[in-house]
Amino acid sequence: MNHVTRFRLGTRHAGTIPPMSALFDKRLVIVTGKGGVGKSTVALALSLAAAKAGKRTILCEVAAQEHLSKVFHRAEVGFHEVEMAENLWGISIDPDESMREYVLLQLKVKAMRDLLFRSKIFTYLAAATPGLKELVTIGKIWELTLDDRKVRKGHTYDLVVVDAPATGHGVGFLQTPRTFAGIARVGPMHQQAKTLDKFVTDPKKTGVAIVALPEEMPVNETANLERDLTEEVGVEVDRIFLNGLYPERFSPAEVARLEQVAGQNGDGNGPVRAACRSAIRESRRAASQREQLARLEEMTKAPITTLPYLFDPEIGVEQIEALAEEIA
Amino acid sequence: MASVTELLDGKKICICAGSGGVGKTTTSAAIAAGMAARGLKVAVLTIDPAKRLADSLGLPELGNTERQVDPTLFKEAGIDTRGGELWAMMLDAKETFDDVVRRHAPDEETRERILSNRIYQQLSNALAGSQEFMAMEKLFEIHAEGRYDLLVLDTPPSRNALDFLEAPKRLTQFIEGRALQVFMKPAGFGMKVFGRGASVMFGVLRRITGVDLLEDLSEFFQAFSGMAEGFRERARRVTELLGDDETTFLVVCGPQGEPIEEAVYFHRKLVEARLPFGGVIVNKVHYEEDLADDGVDLVAELERELGDADLAKRVAANFADFRTLSARDRENVGHLAAEMRTRAVIQVPYLDEDVHDLAGLMEINRYLFAAGSEERAQIAAAA
C-alpha cells in the first residue's frame, strides 16, 4: 500500500512534519470529523498504534457506539475501563453515568447524594440545562487523563483518545466547556467548565485530529472545520487523516492499453472486459482522489497522513492492525 | 426495484432520513432536481451547516428562506423543466426557534424575556432534538403556505436517524415536564408544595451548579410557561403532518454493514411509529457483473489480450478486490430488502466522479429515476 505522509511546502511545517509520536505524547487526542468518514476506525487504529508504541492508552467512545467491542469481539464495553489489547483500554462514556459519577465526587455526604438521585427535579435539571450532559462527558474524559484519578481504583493512562461524536458542528464538542462556562457565570460548575476549557485548548496536553475522505465535500468540510477550530475555539489541528485512499495501481500508459482492450468488442470474453473496466474505474477514482488530496493540502495547514482504502468486506482486528501500522 | 417517480406519486412531502455520511444531502438535492426537471415546483430544505447543498446548486448564500436555483443551470445541463422550478433553503434552527417564540409569546415582554435568556440562547444548539424539531417546524410552515408541489427535507446530520423521529416528543417533554412546574413556581410556593425535602434539594443543587444557573433556568421556564400550550398543539400538528398520506419517508444509506443495520433499525422504528415508509436508497454501491466462475483462467486470458504478464496479474487482483466488495454489497442490499420486506430499494452505484453540480445530480438521477428493468441495465452499463 502506498502510504504517504506528505512533505508539505509553504506551511509552518516547511520541510519537517512532527512525528506521530508527538501526538502520542499528549495526554488527550480528540478525533473528530463528519459522519461516514471512518472516524471510529481511525480513532481505534490510532489508539492501537499508541498502545504499540508503549503508551498506556484508553479509547473513549461517546454516545454508545460500541465500535470497539465489535471489532474486538467483546461484550459491550459500557461505562467501565476494559482492557482490549496490550496497553489498550476502552470505555463507552454514557452521559447519565458521567453525571452520576460527577455528583458522587462533588457530594461527599451520602444522604445528600441519595436525596439528589431520588429526585425527579435533578433528572430534569440534567436534561433541561443546555450542554450539561456534554459537559459532564468531557469532564469524565478529563478525569481519565489525570495522574491522580478521582475515581477509586482508576488506572493511570499515558494517553486518552476520544472518538468524538459526529455532529453538524465539528467544533461543538470542543467548545462545550467554554459555552457552559458562559451559561453558569459563577459557582462550582463555572469553575469546572473553565478548567476543562483550559485543558482541551492547551496544545501541550490536548491534540486534535480530523478524519477526512478524498472526496470533494468532505475535503471542503475538513477545511471549514480546521478554520472553525482555529478561529472559534483557538486550537491548532495536529493531524489530518485522509482515509480510504485508493492505491495507484496502473500507470497512464497501462490505462490506455486497458481502454483499448475494454473497447474491443470481442464477444465471449466478458470477464476480460469486465476486469479491464474495473481497473480503469479504479485508476479514475485513484486519480480523482489525488486531486482531492492536492486540494486538501492547498486548503489546510495541518500535516496530512493518508490511510489506504481497505478492500475487505468488514473491518476487524486484522484491518485495524494494518491501519495502526500505517499510522505508527 | 422502483423509481423515485413511483415512490413520490401523489406525495407532497418527501423526508430523506439516514445516519451521517451516507449522501443524504446529495440524494435530497438530486430528488428535488429530478422532480423539478419533471415539471414540478419543488423546494428542498437542508440544515447542513457545511452548505453542501448550496455548493452543489451554485447557491453560495442560502438563508432561512427559499431561493430559486437559476433556471439557466437546467438549460445548460440540457434539461427542459417544462415549467418546473427548483427552490432551496438552508434551515437556520436558531432563527426558526426565534420565530416560533415570536409566534407563540402572549405578549412582547414575555417574548423579550425568552429571547434574551441565556439558557434559551443555548437551547437551539444544545438541546438534543431541537434542530430536528425546527426542521419539522419549518417544513410545516412552508407546507401550510402551499406554494410548492413537493417539499424535500434533508434531515439534520445527527448521529442516527431516530433523533429525528423523537424530536417533537423530546421538545414537548422538555417544555411541559413535571419539574418545569417546580422551576415555574416562585421559590417560596415551590418549597411549600414540595416540602422541606425540596428546600434541601435546591440547596444541594445550588452547591453543585451555582445559584445563577438555577435562577436562569427558573426564569426561562416561567417565561416559557405561557407558551407551553401553543407549543404542544404545534408539535401535535407537526407530528400529524409526518404521518399524513401525502408524506413519505425515504431511508438513505450506504452499502456497508453498519449503515445497512442502521437503515433496518430506522425502518422498524418508522413502522412502529406508523409513519409512511416509501423506500430505501442505497448510495455508492460497488457493482461488478456477477460473472459465473466457469473455470476461465482470467490471468492467462488477460495476459493473452494485454500482452503483459505483470499487468494481467494486477488487473486480475484488482478485479478480485472489487468483486469482493460487489459481493458484500449485493449481500447487504439483499439483507436490507428482506428485513424491510420491500421491493422499493433503489441502488446508486459508486460513481467515478464526485457529485458537485447539477450535471452530477442528473447523473445520480439516471439511477434514482430509472424504471424497473431499465435500472438494472443502467447499472450494468455503468459497470
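Local features need pLDDT of at least 70, side-chain atom pairs count only at pLDDT 80 or more, and totals for chains, interfaces and linings use all residues. Residues are numbered from 1 along each chain as its sequence is written, while chains are lettered from A in the order in which they are written.

The model scores ipTM 0.85 and pTM 0.87. Confidence is highest in strand 6 (residues 247-253) of chain B, at 96, and lowest in helix 18 (residues 373-382) of chain B, at a mean of 52. Helices (H or I, at least four residues) and strands (E, at least two) are DSSP runs, numbered from the N terminus. Over residues 186-195 of chain B, pLDDT stays under 50. Where pLDDT is low, the predicted coordinates should not be read in detail.

Chain B splits into domain 1 (4-173 + 228-292 + 342-382) and domain 2 (174-225), with bounds from an automatic or database domain assignment. Their contact (C-beta atoms, placed from the backbone, within 7 Å) takes 15 residues from domain 1 of chain B and 11 residues from domain 2 of chain B. On the domain 1 side, helix 9 of chain B gives the largest share, four residues.

Helix 8 (residues 130-145) of chain B reaches 23 Å from its first C-alpha to its last. Just after helix 8 of chain B, Gly146(B) takes a positive phi of about 65°.

Conventions
Two residues are in contact if their C-beta atoms, placed from the backbone, lie within 7 Å. The expected span of a helix is 1.5 Å times one less than its number of residues. pLDDT is the predictor's confidence in each residue, from 0 to 100.
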